[in-house]
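Q: Please go through this model with me and set each label that you use against its cut-off.

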Amino acid sequence: MASRMLVNGVASEVVSATDRGFSYGDGLFESIRFVGETAPLWDRHMQRLADSCRRLQLPLPDTAQLLREARQVRDAMAHAVVRIAWTRGVGARGYSPPAAATPTRVVAAFPAPSVDDGVYARGVRTRLCTLRLAEQPQLAGMKHLNRLEQVLARAEWNDPAIADGLLCDGDGRLVSATMANLFAVIDGELVTPSLERCGVAGVARAEILAHAESVTERDIRLPDLQRASEVFLSSSVRGVVPVQSLDAWRWAPGPVTRQWQSHWRQLGFPMERAA
């Protein structure tokens with residue numbers, strides 16, 4: 001069986017302690033769902049990675065090389081999540097980036113997470129996190145290596161019945177869940193939070209934005225969400241998951257949610273057929 005992790009193309013689980021990804025979170029990552037040798041959203045992942053590299057002034061990766069290595073670490077796993085980390089590489093002490101970076105790439109495969117029966121049919125329970133996301137437009141949308149806000153938010157609960165937590169910014173605007181993007185049908189309109197100030201612009205979110213007949217990116221606050229007829233989460237790893245509750249608020253999966261679940265199955269992702 002091939003190694004499940006490659007560091008700069010070599011089977012290893014070791015990265016230098018002076019790597020800027022380790023020292024400063026100076027890098028990016030992508031978590032890519034594979035079904036066999038196919039990653040239906042591969043191009044969207046690579047587009048986000050390239051766009052983020054330009055914004056961070058990182059050298060662009062060789063995407064063909066990344067795909068070869070992703071398939072190598074995936075090996076014979078029928079369902080896998082391949083995590084690609086791309087850092088600025090080893091550097092001297094201090095924040096100043098090296099004039100000529102030599103990036104470090106880590107490509108690792110993990111079993112795709114199991115989803116309990118009925119999740120796609122009935123939805124998941126969520127809670128409102130007390131942590132507030134900091135606004136930083138220069139980093140907004142990117143999947144950079146610093147995920148401490150998400151770590152602290154996820155540490156707020158240990159109830160296994162709660163699948164995720166919703167996050168607001170400091171002004172009370174909804175942004176996302178800890179590991180997914182948020183969509184809602186409000187007054188008959190499909191909406192998703194604007195991510196101009198903070199948050200991760202997920203590739204599943206991008207897929208919906210690209211194919212929806214009508215969807216609006218705008219500020220959403222809790223009173224808006226209370227009026228929603230449907231709420232769902234999007235994730236490239238888990239697909240489209242209905243939200244059945246946020247604390248005491250309740251929703252039922254509706255036709256818009258079912259439409260996007262059907263879209264995910266058409267892309268080739270395994271999803272339990274909703275009742």
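Q: In which strand is the place of Asp164?
A: Asp164 has its place in strand 7 (residues 162-169), where a strand is a DSSP run of E with at least two residues, a helix is a run of H or I with at least four, and both are numbered from the N terminus. This is a predicted model, in which local features need pLDDT of at least 70 and side-chain atom pairs count only at pLDDT 80 or more, while totals for chains, interfaces and linings use all residues. Residues are numbered from 1 along each chain as its sequence is written, and side-chain values use heavy atoms, with hydrogens and water left out.

Q: Why is Asp164 called buried?
A: Asp164 has a relative accessible area of 3% and is therefore called buried, since that word means under 20%, with exposed over 50% and partly exposed in between (1.4 Å probe, protein chains only).

Q: What makes the pair of Asp164 and Thr178 side chains a polar contact?
A: The two side chains make this contact at 2.4 Å, and the term requires a pair of N or O atoms within 3.5 Å, where within protein one must be able to donate a hydrogen and the other to accept it, and residues adjacent in sequence count only if both atoms are side-chain atoms.

Q: How do you know that strand 4 and strand 5 pair?
A: Eight bridges join strand 4 (residues 79-87) to strand 5, and the two run antiparallel; pairing asks that DSSP find at least two bridges between the strands. Ala80 stands opposite Pro111 in strand 5.
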